[in-house]
There are 2 protein chains.
Amino acid sequence: MKLQLQIKMNEALFLRNPEGSELGKNIIKHSIQLIYKNGFEAFTFKKLAEDIGTTEAGVYRYFENKHKLLIYLTSWYWGWVEFQISFHTNNIKDPVVKLKRVIKLLAATIEDDKQTSYVNESLLHQIVIAEGSKAYLTKQVGEDNKQQFFKPYKDLCAVIGNIILECSPKYKYPKSLASTIIEMAHYQNFFMYNLPSLTDFGKTKEETEIIAFLNDLVFSGIKKS
Amino acid sequence: MKLQLQIKMNEALFLRNPEGSELGKNIIKHSIQLIYKNGFEAFTFKKLAEDIGTTEAGVYRYFENKHKLLIYLTSWYWGWVEFQISFHTNNIKDPVVKLKRVIKLLAATIEDDKQTSYVNESLLHQIVIAEGSKAYLTKQVGEDNKQQFFKPYKDLCAVIGNIILECSPKYKYPKSLASTIIEMAHYQNFFMYNLPSLTDFGKTKEETEIIAFLNDLVFSGIKKS
DNA sequence: TTGATAAAGATAGTATTACTATCACAAATA
DNA sequence: TATTTGTGATAGTAATACTATCTTTATCAA
């Protein structure tokens, strides 16, 4: 039996559902490759179309603009991470163990998930690290938020916040700590490779050190209260 | 006597020093206003030139492109913050008090500094919150870093890292904690106003709560070791 | 006072980007 | 068989991100 993991996407993000056709899946697949390779600023629908072997207009039939495509990709990623978390923390009773598992999932390199043929999670993870913030650091963030574009990110944050509360029911900042963990799992990774003196891991460049830092930060922070 | 605060800028950031002429100062002043108002994506040298009353070519004589201008502005800001910190923590012996002061300076709203006529620090603070990461989240980050464009940010991070070590000499992650404080002081602010469910301050929208969160995070985190 | 130099203004031009529009064709569907 | 739907092909436009050139103006030195 072949199980296919399907992540439910916000329909306002696209004009035509990319999951429903070969061209659509190619748009997702090749946009991940191109953004990973050249960065989001240099990424255009024209280059994407050439890469796929279709025309610019073809891409525009699926996505209004590259900003919505970026939100689509990051949303997909957060949805996928939430699934990974619920999958890998299933059956774990101890919330501390659970939270440590979450930190590891967020900060460790991701192996490509064979269940999702057209999405390379490993590349997508790198894209979310380097470009993910650009999805919300815009003037339209308010309107995008009204359309629920950031729901997957917020849901993930809520899930992690609840685990934090399980660990420490009186802790006052579960959601802020959750968003701090998520952001820092990614930023410390970006810094480690690109601006190493902003971290303590420049020498070794080991993701395990980021995990250790976050564990230390989180569990000392929580224990106090 | 009128003291003029001068922040030494990396000369590779500009073609002509904007501090040396009226037009240059106008470029800085109006770019801050325009980026604040419309965001960095919508900001163009053409609009800036119209705003100032000069021509596009005039702006290009000072800055190669808008990315370098953004790095210039954020660098200026980090330099200014480092000065504020050294000024406001001067004479403080207790490193814990010092670090708390630092957190407050990073997370609290900034009043416009009258010493710097053409820079509105209050607006610049908002720009750094919403656009600052875009200065380094690029494919050129490596080359920009080689040219020392991020030195002011790194210097600030080092200063804060050292205060952390004064508080807790055995703490293993002073630089990562420093960059976490800096980034989160800004991100929690952005989230609070734009994606409030990622924080615990959505109701009150009080910066004092961000400060309390960071104090809690930092001092519980350090005490353990 | 002249003459040189440097900054600024004015204008033009180009390649690329970010779209929108239209028409034709092929496959699926009713 | 007729019709809808997705795709391909082509064209066109306004804006963006520059580069180039030429003129004017201000400054400063001989």
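**Exercise 1. The interface between chain A and chain B**

Work out how much area is buried between chain A and chain B, and which residues of chain A lose the most.

*Solution.* Start with the total: about 4,300 Å² is buried between chain A and chain B, and carbon and sulfur atoms give 63% of that area. Buried area here is the accessible area, taken with a 1.4 Å probe, that two parts lose on being put together, summed over both. Next, look at chain A, where L137(A), Y173(A) and L198(A) lose the most area to chain B, together 15% of what that side buries. Finally, count the residues in contact (heavy atoms within 4.5 Å): chain A brings 50 residues and chain B brings 50 residues.

A word on the model before going on. It is a predicted model, in which local features need pLDDT of at least 70 and side-chain atom pairs count only at pLDDT 80 or more, while totals for chains, interfaces and linings use all residues. Residues are numbered from 1 along each chain as its sequence is written, chains are lettered from A and ligands numbered from 1 in the order in which they are written, and side-chain values use heavy atoms, with hydrogens and water left out.

**Exercise 2. The surroundings of DNA strand D**

Find the residues that surround DNA strand D and list polar contacts to its base, sugar and phosphate atoms.

*Solution.* First, gather the residues near the strand, meaning those with a heavy atom within 4 Å of it. There are 17 around DNA strand D, and the closest are R16(A), T54(A), R61(A), Y62(A) and E56(B).

- Base: R61(A) has a polar side-chain atom 2.9 Å from a base oxygen of DNA strand D.
- Sugar or linking oxygen: Y60(B) places a polar side-chain atom 3.2 Å from such an oxygen of DNA strand D.
- Phosphate: an N or O atom in the side chain of S21(A) is 3.5 Å from a phosphate oxygen of DNA strand D.

Last, ask which helix gives the largest share of the surface near DNA strand D. Helix α3 (residues 56-60) of chain B does, with three residues. Helices (H or I, at least four residues) are DSSP runs, numbered from the N terminus.

**Exercise 3. The surroundings of DNA strand C**

Repeat the steps for DNA strand C.

*Solution.* Around DNA strand C there are 17 residues, with E56(A), Y60(A), T54(B), R61(B) and Y62(B) the closest. Sugar and phosphate make up 51% of the atoms of DNA strand C that come within 4 Å of the protein. For the bases, a polar side-chain atom of E56(A) lies 3.2 Å from a base nitrogen, and an N or O atom in the side chain of R61(B) is 2.8 Å from a base oxygen. For the phosphates, S21(B) has a polar side-chain atom 3.4 Å from a phosphate oxygen. Helix α3 (residues 56-60) of chain A supplies the largest share of this surface, three residues.

**Exercise 4. Cavities and the largest pocket**

Determine how many cavities of 30 Å³ or more the structure holds, and what lines the largest pocket.

*Solution.* Begin with the terms. On a 1 Å grid over the protein atoms alone, a cavity is a set of points where a 1.4 Å probe fits but cannot get out; a pocket is an open set with protein on both sides within 12 Å along at least five of seven lines; lining residues have an atom within 4 Å of a point. Grid points are joined across faces, edges and corners, and a volume is the space filled by probe spheres set on the points.

Two cavities of 30 Å³ or more turn up. The largest cavity has a volume of about 150 Å³; among its 17 lining residues, W78(B), G132(B), S133(B), Y136(B) and Y153(B) are the closest to its centre. The second largest cavity has a volume of about 130 Å³, and of its 16 lining residues W78(A), G132(A), S133(A), Y136(A) and Y153(A) lie nearest its centre.

Now the largest pocket, with a volume of about 550 Å³. It is lined by 23 residues, and F40(A), E41(A), F40(B), E41(B) and K134(B) are the closest to its centre. α4(A) gives the most to this lining, three residues.

Technical notes: Helix = DSSP H or I, 4+ residues; strand = E, 2+ residues; numbered from the N terminus. Polar contact = N/O pair within 3.5 Å; in protein donor to acceptor, adjacent residues only side chain to side chain.
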